[in-house]
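Subject: Structure handover

Hello,

Here is the structure I said I would pass on. Please have a look at it first; my notes follow below.

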Amino acid sequence: MAQKSGPPPIVYILVFLLLAGGGYWFFFRRQPQQGELPQPGTALPNAPIPTAPTTTGGSFPFPTSVPAGTTVRIDGSTSMVTINQSLKTGFQGQFPGTNVITNASGSDKGIQALIAGNIDVAAISRPLTPQEQGQGLVAVPVAVDAIALVVGVNNPFQGSLTSGQVEDIFEGDITNWSNLGGGAGTIRVINRPAGSGTQQFFQELVLGGGNFGTGPNITTWPRDETTALFRELKTDGISYATFTQVTANKGTVRPLAVNGALPDSPTYPYKRQLFYVYKNPPSPVVQAFLGYATSSQGQSAITQGVP
């Protein structure tokens, strides 16, 4: 009897290739279905490629000990005075014999002092510029705060502003309280100086990069200070400040709602990141302080100053 011959070898080869190709597609090229995790190393369709941030530094470990006599020098944003003070108290309590010296000359002056080597850490209320990064400066996010629209506590205006009205006020297009639903009277706008990180942030976020108005009802405060500016608001002025500064001066000023939300609301539109900045490479003093500031202990201290 003649023996049956099997399929020619080419058939086995084709079957093998088909199986191999199907396996490759299933395990490596198939896109994950809803509710299914992608295979490691597989990119989702149209997914953005993550890029490393260019303005923030790496994390520092919590310091196990800091030698007595260690001094940390901080200068910068007036918006971070309360945060600096809270961390100063916490750091000195955690590591007896240490000393944290804080000043508030404004974000730009803090950066200048850091570059000159006169301080260890600059506190700033805006991101670093590319030029500042090019000088070896690195920013570490430490808190989120809100920029409040603020009037004197006895100002008769009790309404809410829209974001469009805020822009028009500070660009000089709305100059009378009656245009906002209040009584007749000129709106005295008090702006912060150009070296203020809060002013730069306000111009970028609130005015969309536009210019502040220059009309007769708009005054630029000569120094980046808050207490005197708040007193100057009286019953007809408006300005802006970090919400921590507003809550610390409840007897002098009060915040206005924007788009129906107050600064402590999750839907409030004007919020920003606050940073500590150091110059590479970080000194042991900088590593110790930033390790504390970004730890759970430091963040707990910060919440005493940031609502």
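Among contacts in the protein between residues at least 6 apart in sequence, what percentage join residues at least 24 apart? The figure is 75%. Please keep in mind that this is a predicted model. The protein has 307 residues, and 42% of them count as buried. Its secondary structure consists of ten helices and nine strands.

A helix pair

I began with helix α2, which covers residues 81-94, and helix α9, which covers residues 284-293. Their axes lie 10 Å apart, and the two helices pack at an angle of about 110 degrees. Angles of 65 to 115 degrees count as roughly perpendicular, and α2 and α9 are therefore roughly perpendicular to each other. Their crossing is right-handed. On the α2 side, the contact is made by Leu87, Gly90, Phe91 and Gln94. On the α9 side, Ala288, Phe289, Tyr292 and Ala293 take part. Sorted by type, the residues of this contact are six nonpolar and two polar, with no charged ones.

Helix α2 on its own has 14 residues. From first C-alpha to last, α2 reaches 20 Å, which is close to the 20 Å expected at 1.5 Å a residue. The buried residues in α2 are Ile83, Asn84, Ser86, Leu87, Lys88, Gly90 and Phe91.

Ile190 sits in strand β5, residues 188-191. Is Ile190 buried or exposed? The cut-off for buried is under 20% relative accessible area, and Ile190 counts as buried because its relative accessibility is 2%. Leaving aside residues up to four places away in sequence, Ile190 touches Thr219, Trp221, Leu229, Glu232, Leu233, Ile238 and Ser239. One of these contacts, Trp221, is 31 residues from Ile190 along the chain, yet the two C-alpha atoms are separated by 6.5 Å.

Pro222 is in the loop between β6 (218-220) and α7. With exposed meaning over 50%, Pro222 counts as exposed because its relative accessibility is 58%. Pro222 and Arg192 are 30 residues apart in sequence, and their C-alpha atoms are 7.6 Å apart in space.

Backbone details in the loops

- Where is the cis peptide bond? The cis bond joins Asn280 and Pro281, with omega at about -5 degrees. Pro281 belongs to the loop between β9 (271-279) and α9, and α9 is a partner in the helix pair described above.
- Lys234 has a phi near 50 degrees, which is a positive value in a residue other than glycine. Lys234 is in the loop between α7 (227-233) and β7 (237-242).
- Asn259, also a residue other than glycine, has a positive phi, near 55 degrees. Its loop runs between β8 (253-256) and β9.

Regards

Terms used: Residues are numbered from 1 along each chain as its sequence is written. This is a predicted model: local features need pLDDT of at least 70, side-chain atom pairs count only at pLDDT 80 or more; totals for chains, interfaces and linings use all residues. Side-chain values use heavy atoms; hydrogens and water are left out. Axes are lines fitted to C-alpha atoms, for helices over the stretch in contact, and angles run from 0 to 180 degrees between N-to-C directions. Helices (H or I, at least four residues) and strands (E, at least two) are DSSP runs, numbered from the N terminus. Angles under 35 degrees count as roughly parallel, over 145 as roughly antiparallel, 65 to 115 as roughly perpendicular and the rest as oblique. A crossing is left-handed if the near helix is turned anticlockwise from the far one by less than a right angle, and right-handed if clockwise. Contact means heavy atoms within 4.5 Å. Ala, Val, Leu, Ile, Met, Phe, Trp, Tyr, Cys and Pro count as nonpolar, Asp, Glu, Lys and Arg as charged, and the others, Gly among them, as polar. The expected span of a helix is 1.5 Å times one less than its number of residues. Buried means under 20% relative accessible area, exposed over 50%, partly exposed in between (1.4 Å probe, protein chains only).
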